[in-house]
Structure formats: C-alpha cells, structure tokens
Amino acid sequence: MYYVVTLATLVTMALALARAVMGPTVYDRVLAVNMFGTKTVLLVSVIAFLFGRPDFIDLALAYALINFIGVFAVLEFFRTRAVRREADEGAGRR
Amino acid sequence: MNAVLDVASWVLLTLGGISVLIGGIGALRLPDLFTRMHAASITDSIGAILVLTGIMLQAGLSLATIKLAAILLFLLLTSPTASNALAAAAMLAGNKPGIDTTGGKDDAQ
Amino acid sequence: MKTSPNQRPAPAGAGHSRAHLMFIALLIAAWVLWSGMFKPLLLGLGAFSCAVAGYIAVRMGYFDTRVFALRFNLRLLRFWAWLLKEIVKSSLEVARVVLARELRLSTRVVEVDTGRLSPVDQVVLGNSITLAPGTLTLAASDGRLLVHALTADGARAIEDGEMLRRVAAVHED
C-alpha cells in the first residue's frame, strides 16, 4: 500500500530531524537536512498518487531542485565562514 | 490494471519503504559523519530507485511516468554531487575520515 | 564567482553547433513537458525562457568544456544495468552493517588512480562510486580519487578496479 511507504518515509524524516538536532557537527546537520529534503521529494511523489493528484509531481521536482541548490548554498556559506574564521585567528596570532 | 504489474509495484514500494527506513536508522545509529553518509546514500540511491519505479508502474504509460523518470534521473545525478560537496567541505573543515573515528567499536583491525 | 565573459573569445565552430542545438532541444522539451499547454502566450514565455537559459549557458562557458562528451549508446545502458546490480548488492551489505546488533565497522580510505580516464569519465566514476552505498568519493584531484569505504569488502572491490574498467569500456572505440 501507499500507506506503508508514506509511513516509512515519515519515520525516516523524523529520524533525519533527530540527527539534525543532535548534530554534533554542522556537516552532520547539513547531511540530515539534505536527507530530509530527498525524502520529501519521495513523500510528495507518493502522496501525488495516494490522493490522486498527479500535479503534485511537479512540486516534487521543484523541491528536488531547491533542495540541491540549497545544500550547495549552505555549504558555501559555512566554507567561507570557516575560511574567514581561520584568517581571523591567523591575524590574531601574528 | 494488469495484476502482475500491480503486485510488482507493491513489492517495489514496500522494499523501497524498508530501505528508506534502514537508511534513516543508519543515519541515527552510525558513529561519525562519513559512515552516516553511507547510510544516507542508501535512502538516496536504492530507496529513490525502488519507490519511484514502484510509482511509475502504478502510473503506467503516461506523462506522470515521464516526469517521475525525470525526477529519478535528477536525483541520481545530483545526490552524489551533493555528497561529494559535503564530504569535501567537511574534510576542508578538518573532519578527518579514518579507521580510528569509529570510537573504539572498531574490531576489524 | 570569477566570471569574465566579455573577454572570452566566442567559440563558435561547426563542432559546437550540435551541442547548442541539443541543449536548446532539451530545454524546449522540458518546457513543453512540464507546461502541457499550447496557448500562444505560454509558448512565447517558454521560448523566452529557453532563450535566456541558452544565453546564460553560453556566458557561463558551458559549451567550452565539452559536457556532451558523454554519449548515449548501448554500452552506457549496459553500464547502468551493471551499476544498478552493484547498488542493490552494496545496499544489502550496508543494510546488514546498519541492522547488526553490534556495529562492526572497518572503514578505510583507499586511493584510485584514474589517470587514463577523460575528465567526464572521472566524474562518472566518482559519482558511480558515491551512488553505490558503502563507498563514497571524498576528493578528486590530479586524476586520483580518494574513496571512503564502510566495509573492508567495499574497499577491496574499489581497489580491484572493476568499476574503473567498466567506465573505461563505455567510451572505448
């Protein structure tokens, strides 16, 4: 049944959220959020058929695109922050 | 709908649900970032393949199937790319992957 | 982002026009597929957005790097079938590790020399390694891939180099 997949995906999303809250590093959280995003894509696709609304599939694709770009945006943000922090520390030591 | 296709699609969907769940458990249970990425990789590759193929069998030959195939192709192309970016960023930030990151539970070597 | 699109010499050549045409055809197909409506206004908007996307792609130097070196043929399909089999196999292996009562991990990092592959093939190999659960490409530089493997078996499979041979075989003539 669709309900089995829906339930499994929802439980996995809850587990991913738990991992996002627990951390411990920023990258664990990004991984968890990325996982949450791809599970959302699957969930929306399944729900499109569960409720008989094929137009939900377009939303799933849009979500997949946003999720992919979003992960890169967040990673880029943390990368520049790490580089800047390192530069600041280097300047402080000198 | 063809009964054989129906059964095949339910089998695929159930297996997909199970593999997604296993990936979720792994992401919570495994000890460090890089091992967790392996678990997330289960849900991203085999989970997506099984679930989306299962729905495609339900949809039959229609526009929805083509769109689902496009979503599947997109997911399979982007998820390794995102994983690589994440791994590279984590390594740059000083997360070292290695045998000794398993927190003493490693009994293989 | 460092972009200097104005200084870039226009790479208009006979070999490139096919890539341009394929790209535009792909954009138009995507628009028609997702719009599904054939009113003049919507078709006009589609043509406009395809043109903008094409212009941005040219400005980005998308056609300078030969992305279309990846050819679709029977051998690529055969590689995908083999990759699917590998994904299923390694998924079962990782699932066994995850669900075991006691975590038995033997992670290790191995290096793969991909020097004889073209850049596109190196990307295909790296992504295929990442796609199969249990192995993960950490970094790629100078024709060498750094691969993180969850189990010793996975590491051995990577060192064995069967995937490398199969990727190389896709574009062998």
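This is a predicted model: local features need pLDDT of at least 70, side-chain atom pairs count only at pLDDT 80 or more; totals for chains, interfaces and linings use all residues.

## The second largest cavity

The residues lining the second largest cavity divide into two nonpolar, five polar and one charged, where Ala, Val, Leu, Ile, Met, Phe, Trp, Tyr, Cys and Pro count as nonpolar, Asp, Glu, Lys and Arg as charged, and the others, Gly among them, as polar. A cavity is a set of points on a 1 Å grid over the protein atoms alone where a 1.4 Å probe fits but cannot get out, and lining residues have an atom within 4 Å of a point. The lining consists of B:S41, B:D44, B:S45, B:S79, B:P80, B:S83, C:T130 and C:L131, and the space amounts to about 50 Å³, a volume being the space filled by probe spheres set on the points, which are joined across faces, edges and corners.

## Basis of the model

Residues are numbered from 1 along each chain as its sequence is written, chains are lettered from A and ligands numbered from 1 in the order in which they are written, and side-chain values use heavy atoms, with hydrogens and water left out.

## The largest cavity

The largest cavity holds about 70 Å³ of space, and its lining includes A:N34, A:F68, B:F74 and B:S79. By class, this lining has five nonpolar, five polar and no charged residues.

Conventions. On a 1 Å grid over the protein atoms alone, a cavity is a set of points where a 1.4 Å probe fits but cannot get out, and a pocket is an open set with protein on both sides within 12 Å along at least five of seven lines; lining residues have an atom within 4 Å of a point.
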